[in-house]
Amino acid sequence: MLTPDPASVILFLDIDDVLNSEEWLKAKHHRWLKPVLDQEDLEVLANWPAKNPTDSILFEDERGDVHIEDEMKLQGYWSIDPEKVALLKEATAGVNVTWVLSSSWRWWYTPREVEYLLTLRGFPGVSFRGRTEGTGKMSLHGRDPEIKWWLNRHKPTVPWVILDDADFSEALAPYHIQTEYAVGMTPKEATRLREMLLNPVRPEPGSRFSF
């Protein structure tokens, strides 16, 4: 059970279409598909965090151990736009954030690997305290029920914010900042994120969410 700092705000973080955009992915997809690695690629791979016994990804949880290949590592690196990361860093500066990884990336990367990629892209210091689950049938129904399930399970007493391009139900809409696939997070969403982190919507004590 996650016990966040009572003075913090939980931030459910998506990656795709938040920290990248359609244009960015189209421009960079060749970087993890090319046969010859350059110095930048080699440095990403050389410093990739080694797994420890407590690391896992949801794909492993569901289907057995999976070795992450170099192509997947480079795909993660080149899929993150440092300009979007800079917006996230600025929006969360000075805020006591409890980071929760809600992105589908949790199926392929450990939280520590995502932290490493964010560090490389200019935002050191992010430390995920948890991740949404998404196992079994729940993973078939989208981000909304996954986050509801997490909230019902952990019963946080602190407020939360959701940064995601997906659509959310009316129950979670007050906590949601929606980005768009075409452009990812823009200064507009970054400003809204900071406003919501500094003046969060506070849920009713004991709130439970139906599906």
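User: How do I read "buried" here, and what is a helix?

Analyst: Buried means under 20% relative accessible area, exposed means over 50%, and partly exposed lies in between, with a 1.4 Å probe and protein chains only. Helices are DSSP runs of H or I with at least four residues, strands are E runs of at least two, and both are numbered from the N terminus. This is a predicted model, where local features need pLDDT of at least 70, side-chain atom pairs count only at pLDDT 80 or more, and totals for chains, interfaces and linings use all residues. Residues are numbered from 1 along each chain as its sequence is written, and side-chain values use heavy atoms, with hydrogens and water left out.

User: Which residues of helix 4 are buried?

Analyst: Helix 4 spans residues 70-79. Its buried residues are Lys-73, Leu-74, Gly-76, Tyr-77, Trp-78 and Ser-79. An α-helix has 3.6 residues a turn, so residues three or four places apart point the same way.

User: What do the buried residues of helix 4 pack against?

Analyst: Contact means heavy atoms within 4.5 Å. The buried residues of helix 4 pack against helix 1 (22-28), helix 2 (39-46) and helix 6 (111-120).

User: How many helices and strands does the protein chain have?

Analyst: The chain has eight helices and five strands. From the N terminus, the order is β-α-α-α-α-α-β-α-β-α-β-β-α. Of its 211 residues, 50% count as buried. Among contacts with a separation of 6 or more, 78% join residues 24 or more positions apart.

User: Why does Ile-162 count as buried?

Analyst: Ile-162 is buried because its relative accessible area is 0%. Ile-162 sits in strand 4 (residues 160-164). Beyond its neighbours within four places in sequence, Ile-162 contacts Phe-12, Ile-147, Phe-168, Leu-172, Tyr-175, His-176 and Ile-177.

User: Is Asn-152 buried or exposed?

Analyst: Asn-152 is buried, at 7% relative accessibility. Asn-152 belongs to helix 7 (residues 143-154).

User: Which residues lie nearest the centre of the largest pocket?

Analyst: A pocket is an open set of points on a 1 Å grid over the protein atoms alone, where a 1.4 Å probe fits, with protein on both sides within 12 Å along at least five of seven lines; lining residues have an atom within 4 Å of a point. Here 15 residues line the largest pocket, and Pro-156, Glu-204, Pro-205, Gly-206 and Ser-207 lie nearest its centre.
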